[in-house]
Amino acid sequence: MQICTKNEQINVNLMEAARAVPHQVGLIKLSKTQLKVLQSIMPGEKVTAEQIAERCELSCSWASTLLKTVWERGYLVRGSYVRMNGGLEFVYSFQLRWR
């Protein structure tokens, strides 16, 4: 499948599919920052928002939001544990998943 350039027409079948389920198009397309986050995680590695924030030069809260979004789209696996000081911390790992 060829990627469309600016002046090329979009494949008719692709347009029909996007019209049929427009709410799902956003589930596939990742932003540049989401891709940067995803690419900063090695397969099998478990990371926290704090680690991603440091690697990608983001705030912890923004890194957490990005990780959650990428997880919701099915690109990451998420686990959690209770911190010693009482909060819940999420740990994400990269895993290829076929749908």
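Which residues in α3 meet which residues in α5? Thr33, Gln34, Val37 and Leu38 in α3 meet Trp62, Leu66, Leu67, Thr69 and Val70 in α5, where contact means heavy atoms within 4.5 Å. This is a predicted model, in which local features need pLDDT of at least 70 and side-chain atom pairs count only at pLDDT 80 or more, while totals for chains, interfaces and linings use all residues. Residues are numbered from 1 along each chain as its sequence is written, and side-chain values use heavy atoms, with hydrogens and water left out.

Helix α3 (residues 32–39) packs with helix α5 (residues 60–72) at an angle of about 85°, their axes being 10 Å apart. That makes α3 roughly perpendicular to α5, a description that applies to angles of 65 to 115 degrees. By class, the contact of α3 with α5 has six nonpolar, three polar and no charged residues.

The buried residues of α3 are Gln34, Val37 and Leu38, buried meaning under 20% relative accessible area and exposed over 50% (1.4 Å probe, protein chains only). Because they cover an arc of only 100° around the axis, they are on the same side of α3. These buried residues pack against α4, α5, β2 (76–82) and β3 (88–94), whereas the face of α3 turned away from the buried side carries the exposed residues Lys32 and Gln39.

Thr48 lies in the loop between β1 (46–47) and α4 (49–56), and Thr48 is buried, with a relative accessible area of 13%.

Terms used. Axes fitted to C-alpha atoms, helices over the stretch in contact; angles between N-to-C directions. Helix = DSSP H or I, 4+ residues; strand = E, 2+ residues; numbered from the N terminus. Parallel < 35°, antiparallel > 145°, perpendicular 65-115°, else oblique. Nonpolar A, V, L, I, M, F, W, Y, C, P; charged D, E, K, R; others polar. Arc of directions from axis to C-beta.
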